[in-house]
Amino acid sequence: MPSFMQVRRALTGAAIATAAILAACAEPQVIAPPPPVPAVSLSPKVIEQAAAYRRYVATATAISPAFADGDQVAQGVRAGAAYEPQQLLRGAIAYGAVVALQDPGFVAGVRAYAADPTQRRTIAYEIMKDPAYVIGINGSAGAAGLVKAALADDGARLLAQGKAVRQAAYDVQRSPWSKKEVAGREARLSLAKQLSATPLMGDTAETARLQQAVLTTGSLGITGQAASPPYTPIVVRSMAIAALAALGYADDASLQQLMPIMADPNAATCLNMSKLNLYQCLAVSKPHYEDVFCLGVHSLMDTGKCVLKGAGVPEPAEPATRLTEASPVGPIPVGTGSAVKTR
C-alpha cells in the first residue's frame, strides 16, 4: 500500500503536468506596441493663411509703376489696399512656420521629444504657454535664420516696389491725365476700406506648394544664416507653430490653441497705422498722381517696413537724393508722412 508521501508526490506531479498542459494551450500574451510617433502636420487652415499672405506679397510687388492712365492707378490702389491687417499678420506667422519646417536640424531637434507621449505632450504644453520656450530647442537658430531671411525678402520687395511707385508719382506729372481729379473720390476711399476688411484667399497652386513644404524640408529653396537670439515675436511665434506641427499638435483639432500664437499686438499696430495713413492720404488726394503717391508710400512702403520690422531686419539704407530732377513742379500734400516736391 503506497505511503502518504508517495500519494502526495504523485498528486503534485499530476498537478504540475496539468498546469503545463494548460499553459501550452493558453493564448500567448500580447504586449501592446507603443503608440506611433505622429507625423509632422500643419492644419490646412493655417496653410491657407500662409498662402493668402503670399498672394498679397506677389500681387503687390507686381504693381507696375509705369502708369498710363487713371484706370491703371485705380487698379493699383485697389491691389495695394487688398489686405486685412490681422489676417496678413497671421499669414506672415503661418508662412514663417512653414519656412521653419524647412530646417532639418530644427525638425530633428523637435522630433527628439515626439517619441514619448508624455514628454511630447509636456513640450507642446510649454510652447503653447510660452512660445519663447522654442528657443531652447536644438536647431532653433537655423530655423530663426530661415524665417528672418524669408520675411525680410518679402518686406524688402514691398519696400522697393513702393519706392518705385512713389517715384512714379513725380514722373507721371509729365502726362496731363495725371493732373486730372480722380472721379468718385469718396467711393474709392470706401472701397479701399472695404478691401482692407475683406479676408483674402490664397492661390491654389501656392497652397499646394506650401502643403508639400510642410512634409519636405528644403523644398522651398530658402537659404539663411543661423541667427542668434533675441528674436522678434513674429519669428518666435513662427518657430513655435512649426515646433507644434513637428510634435503633432498643429492640426485642425489644435486650432483653438494655435490661434493665440498667431498674433502679435506690436506688429498689428504697425499694419493698422499703415492702413490709417492710407485712408488719410486718399481722403485728401485729388489728382491721379497723388493717388500714386498714396499707393507707393502707404500701401507698399509702409507695409514693407512693417514686415521688415517683424522679421527683425533693418530697412535698407536709402540715398539722401532728390527723387527726380526731371519732373515738373508738383507738390504732393497727401496725408501723414507725405512728400512735397519743390524746386
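1. A contact here means heavy atoms within 4.5 Å, and pLDDT is the predictor's confidence in each residue, from 0 to 100. The model is predicted. Over residues 333–343, pLDDT stays under 50, and the model has 40 contacts for this stretch beyond four places in sequence. Where pLDDT is low, the predicted coordinates should not be read in detail.

2. For the protein as a whole, the average pLDDT is 88, and 83% of the residues score at least 70.

3. The secondary structure consists of 13 helices and zero strands. Read along the sequence, the pattern is α-α-α-α-α-α-α-α-α-α-α-α-α. The protein has 343 residues, and 48% of them count as buried. Taking contacts between residues at least 6 apart in sequence, 85% join residues at least 24 apart.

4. The largest pocket holds about 230 Å³ of space. Its lining comprises 17 residues, and those closest to the pocket centre are Ile-234, Ala-267, Cys-306, Lys-309 and Gly-310. Helices H4 (85–100), H10 (233–247) and H12 (265–284), together with H13, each supply at least two residues of this lining. By class, the lining of the largest pocket has 12 nonpolar residues, three polar and two charged.

5. Lys-309 deserves a separate entry. Lys-309 sits in helix H13, which covers residues 288–311, and is among the residues closest to the centre of the largest pocket. Is Lys-309 buried or exposed? Lys-309 has a relative accessible area of 59%; the cut-off for exposed is over 50%, so Lys-309 counts as exposed. Ala-267, another of the residues closest to the centre of that pocket, is 42 residues from Lys-309 along the chain, yet their C-alpha atoms are separated by 8.0 Å.

6. The second largest pocket has about 160 Å³ of space. Fifteen residues line the second largest pocket, and Ala-74, Arg-78, Val-182, Arg-188 and Asp-291 lie nearest its centre. Helix H3 (70–81), helix H8 (185–196) and H13 are the elements that give two or more residues to this lining. Which of the elements gives the most to the lining of the second largest pocket? H3 does, with seven residues. The lining of the second largest pocket divides into nine nonpolar, two polar and four charged residues.

7. Aromatic pairs come to two in the count. In one, Tyr-53 and Tyr-95 are tilted, at 5.8 Å centre to centre with 35 degrees between the planes. Tyr-53 belongs to helix H2 (residues 44–60) and Tyr-95 to helix H4, so this pair ties together parts 42 residues apart in sequence. Both Tyr-53 and Tyr-95 are buried.

8. Tyr-56 and Tyr-83 form an aromatic pair that is edge-to-face, with 4.8 Å centre to centre and 65 degrees between the planes. This pair also links distant parts of the chain: Tyr-56 is in helix H2, while Tyr-83 is in the loop between H3 and H4, 27 residues apart. Tyr-56 and Tyr-83 are both buried.

Notes:
Residues are numbered from 1 along each chain as its sequence is written. This is a predicted model: local features need pLDDT of at least 70, side-chain atom pairs count only at pLDDT 80 or more; totals for chains, interfaces and linings use all residues. Side-chain values use heavy atoms; hydrogens and water are left out. Helices (H or I, at least four residues) and strands (E, at least two) are DSSP runs, numbered from the N terminus. Buried means under 20% relative accessible area, exposed over 50%, partly exposed in between (1.4 Å probe, protein chains only). On a 1 Å grid over the protein atoms alone, a cavity is a set of points where a 1.4 Å probe fits but cannot get out, and a pocket is an open set with protein on both sides within 12 Å along at least five of seven lines; lining residues have an atom within 4 Å of a point. Grid points are joined across faces, edges and corners, and a volume is the space filled by probe spheres set on the points. Ala, Val, Leu, Ile, Met, Phe, Trp, Tyr, Cys and Pro count as nonpolar, Asp, Glu, Lys and Arg as charged, and the others, Gly among them, as polar. Rings of Phe, Tyr and Trp (its six-membered ring) pair if their centres lie within 6.5 Å; planes under 30 degrees apart count as stacked, over 60 as edge-to-face and the rest as tilted.
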